[in-house]
Amino acid sequence: MSDIKRYEFDTRIHHAVKHNAIVYLTGQVGTPGQSAAEQTSEVLAKIDHLLALAGSDKSRILNAILWLDDFRDFEEVNSVWDAWVDKQCAPARSTGQVRLAKPGMLVEIIITAAT
């Protein structure tokens, strides 16, 4: 198990796990009650932090899965994402609508990246 590294334990999960030069992030969420744009900015900052801990960065993201509580927030979320993403290294990305874990959560982003 020494080839597996885990980062940022919280209650029952690690927020990032690295194995064989790939880092897997749990779904990152923002503060309930903030706007979709504010939550997206907060989530992307968390992603930057976790990727840095694992020796990676946003230019190394392979796949991103975005879950939105309401598709009406799609353009608002995209405006923040588009300003953040490295366009030369944009990952494969999927977006879906789901009911998120807590009321007021609007955005969850799951990342897989190379290190």
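Predicted model: local features only at pLDDT ≥ 70, side-chain atom pairs only at ≥ 80, totals over all residues.
Me: Buried means under 20% relative accessible area, exposed means over 50%, and partly exposed lies in between (1.4 Å probe, protein chains only). Why is Ala 21 called partly exposed?

Reply: Its relative accessible area is 41%. Residues are numbered from 1 along each chain as its sequence is written, and side-chain values use heavy atoms, leaving out hydrogens and water.

Me: What makes the backbone of Ala 21 worth a remark?

Reply: Ala 21 has a positive phi, about 65°, yet it is not a glycine. Most residues other than glycine have a negative phi. Ala 21 sits in the loop between β2 and β3. Asn 20 is found in that loop too, with β2 covering 13–19 and β3 covering 22–25. Asn 20 also has a positive phi, about 50°, without being a glycine.

Me: Why does Asn 20 count as exposed?

Reply: Its relative accessibility is 58%. The cut-off is over 50%, so Asn 20 passes as exposed.

Me: What makes the pair Lys 46 and Glu 42 a salt bridge?

Reply: The rule asks for a side-chain nitrogen of Lys or Arg within 4 Å of a carboxyl oxygen of Asp or Glu. Here the N to O distance is 3.9 Å, so the pair qualifies. Both residues lie in helix α1, four residues apart, about one turn of the helix. Lys 46 is partly exposed, at 31% relative accessibility. Glu 42 is partly exposed too, at 23%.

Me: How many salt bridges does the whole structure hold?

Reply: The search finds two. One of them joins Arg 72 to Asp 70, with the closest N and O atoms 2.6 Å apart. Arg 72 has 73% relative accessibility, so it counts as exposed.

Me: How do you know that Glu 108 has no salt bridge?

Reply: The nearest side chain of opposite charge is Lys 46, and that is 10 Å away. The limit is 4 Å, so there is no bridge. (Lys and Arg count as positive, Asp and Glu as negative; His and the chain ends are not counted.) Glu 108 is buried, and it lies in strand β7, residues 107–114.

Me: Which residues are in contact with Glu 108, beyond its neighbours within four places in sequence?

Reply: Contact means heavy atoms within 4.5 Å. Among the partners of Glu 108 are Gly 27, Val 29, Ile 65, Trp 67 and Leu 100. With those close neighbours again left aside, Ala 37 is in contact with Glu 76 and Val 80. Ala 37 belongs to helix α1, residues 36–53.

Technical notes:
Helix = DSSP H or I, 4+ residues; strand = E, 2+ residues; numbered from the N terminus.
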